[in-house]
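Subject: Structure for you to look at

Dear colleague,

I am passing on the structure that we spoke about, and below it you will find my notes. Please read them with the model open beside you.

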Amino acid sequence: MEKNSMKSYKILASYTTYCSLVVEAESEDEAREIAYQTDGGDFKNNDFGDWNVDDVFELERLKA
């Protein structure tokens, strides 16, 4: 039986979703603090995002 000469790789990737939130504040620092204290579900999805390949690992072949 012919052995497969191709190697196997595990790809780790991440996906970023961009969201926004409108707040009223007296300064940028206050607005940032409000954002950090706001539940993530209150942010509105902007319907776009991006993905990134973070790392690639060669998988070792299983030995019988």
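The chain contains 1 helix and 2 strands, and along the sequence they follow the pattern β-α-β; helices (H or I, at least four residues) and strands (E, at least two) are DSSP runs, numbered from the N terminus. Please keep in mind that this is a predicted model, in which local features need pLDDT of at least 70 and side-chain atom pairs count only at pLDDT 80 or more, while totals for chains, interfaces and linings use all residues. Residues are numbered from 1 along each chain as its sequence is written, and side-chain values use heavy atoms, with hydrogens and water left out.

The mean pLDDT (the predictor's confidence in each residue, from 0 to 100) is 89 for the chain, and 88% of its residues reach 70 or more. Helix H1 (residues 28–37) has the highest confidence, at 97, and strand S2 (residues 44–59) the lowest, at a mean of 92. Where pLDDT is low, the predicted coordinates should not be read in detail.

Of the 64 residues in the chain, 0% are buried, where buried means under 20% relative accessible area, exposed over 50%, and partly exposed in between (1.4 Å probe, protein chains only). Contacts (heavy atoms within 4.5 Å) show how the sequence folds back: among those between residues at least 6 apart, 84% join residues at least 24 apart. Thr 16 and Asp 50 are 34 residues apart in sequence, yet 5.4 Å apart in space, C-alpha to C-alpha.

The structure also holds 2 salt bridges, each a side-chain nitrogen of Lys or Arg within 4 Å of a carboxyl oxygen of Asp or Glu. In one of them, the side chains of Lys 7 and Glu 58 meet at 3.9 Å, N to O; this pair links distant parts of the chain, with Lys 7 in the segment before S1 and Glu 58 in strand S2, 51 residues apart. Arg 32 forms a salt bridge with Glu 28, their closest N and O atoms being 3.1 Å apart, and both lie in helix H1, 4 residues apart, about one turn of the helix. Glu 28 counts as exposed, at 59% relative accessibility, whereas Arg 32 is partly exposed, at 43%.

With best wishes
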